[in-house]
Amino acid sequence: MGLLPSFKKIERDFTGGIYLPPLGKMPGLSIRKPCQVGDDLYLPLRCGCGDVMNVLVSEGQDVEKGTLLAQGDGHQYLYAPCAGTIGGRTDQYSQANAVRSTLIFHPQDCDISLTERQSSPKTFTPEQARHENVFHMIERSNIIMPENGMPLWTYLKELGEQKIDMVVANATPVEPTSNGPLAILHSFPGQVFAGLAILKHWLDAKQAVMTYPYHFPIELETAQEWQVTCIGISEKYPHAWGRSVLRTLQKPGRRSKGQNPPVNAVVFDIQLLRQVERLILGGELPTERIVSICGDGVGKPGHFRTPIGTPLKTVLELAELSGDTEHIVEGSSMAGTAIHPDHTVVAPTSDCFMAIRPFPPRHPGACIRCGQCIEYCPARIDPAMLLQLIERGRDEKAEKKGLRACMECGICSYICPSHLKIAEWIGMAKRHKELRD
């Protein structure tokens, strides 16, 4: 018997969390190719937590698809997304996730062909997952964890020293309109389930679990073929955060009699799982990203299969960016980072960009001690108290009261009737503490 019941509908998940209203039109679940992405690509030479990679090719050199272009310490690699010619380096493009230097790449064909093959074998044994060739492929793949910028290989090595009971795939959207995980699961179910099964065997975990919105028509037969348990949950924000999902799965009453809660569980991104399957079973390097463009600032929101290095403004144009858009945010509208679209490229960790039109300013007032930020906080901390401690310079006391437990989801600021910028202050205090440490 597994750790959790199969196909169980969970109506209410945890005390914290809210149901967000959609921001703009709801994107469909189909995934589109960018049309005529034939202009220069700007391939990031620094992604996540790595240093700037060393370029291994020369300007003017012609290369084939999959050629290793640059390499850095800590399992950082850069591959050619297609056949093309190497240009120079430029700092014209930068990004909030620390992309600073890029390598200009001239595709030879203006219509970059992105693979669409969906076939996968239905069995994958632990022995296959632990084969030495699989180790080598993951190590050199440049698959990056979007949550922390760490190469997947480094993360798996750290997890390998622990006893993992459960691997979890989370398809719950971070916000209603940023439903990229559902689009990937809808279009490539076999690839996602296979990627989860591969990592389950690699980590020698007992069970693989897919969490998804309970109303989503998930392919149960495909999940069963890959021995993945499906758990339907609500779409309360911030369920796309791994800790929120794990807390839901650990909640009493959500397991059959005699089952124990998952002690050591790890949550993986849906797109990362597809990359794992394509790498191990399809032999394809992760040279593309499925990028979601949504928000009330675009006329045609959607999900785009886009080569890494594509200027973001190219994809925004396909989504019909509105002329009065005030902000482009990478990530969610509540907890994302504002970026400049003219200086941003699609990076190995890019997932969602939200275009936000102007909205009335919210003027902060005094805390009225209503307690709503406490009630809805998924981290079970007192955000208002932390804000007061931070304002008084009592960072050490704030840390003892749960400063580091904050996941910076933004609920406290969103729900606050006094419009206090609680999440912003807590986030600044956390980074200040990290710099001092």
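A residue counts as partly exposed when its relative accessible area falls between the buried range, under 20%, and the exposed range, over 50%. Phenylalanine 135, at 23%, is therefore partly exposed. Keep in mind that this is a predicted model.

**Aromatic pairs**

- The structure holds 6 aromatic pairs.
- One of them joins phenylalanine 135 and tryptophan 202 edge-to-face, with 5.4 Å centre to centre and 70° between the planes.
- Phenylalanine 135 belongs to helix 2 (residues 132-139) and tryptophan 202 to helix 5 (residues 189-203), so this contact ties together parts that are 67 residues apart in sequence.

**Ring cluster and a charge over a ring**

- Phe135, Trp153 and Trp202 are linked by ring pairs into a cluster.
- Arginine 274 lies over the face of phenylalanine 188, 4.1 Å from the ring centre.

**Cysteines**

- Searching the whole structure turns up 0 disulfides.
- Cysteine 377 is in no disulfide, and its nearest cysteine sulfur, that of cysteine 409, is 6.4 Å away.
- Because a disulfide needs sulfur atoms within 2.5 Å, the 6.4 Å between cysteine 409 and cysteine 377 is too far for a bond.
- Cysteine 377 is buried, with a relative accessible area of 9%, and cysteine 409 is buried too, at 7%.

Conventions. Residues numbered from 1 in each chain as written. Predicted model: local features only at pLDDT ≥ 70, side-chain atom pairs only at ≥ 80, totals over all residues. Heavy atoms only, no water. Phe/Tyr/Trp six-rings, centres within 6.5 Å; stacked < 30°, edge-to-face > 60°. Helix = DSSP H or I, 4+ residues; strand = E, 2+ residues; numbered from the N terminus. Buried < 20%, exposed > 50% of the residue type's maximum accessible area, 1.4 Å probe, protein only. Lys NZ or Arg CZ within 6 Å of the ring centre and 35° of its normal.
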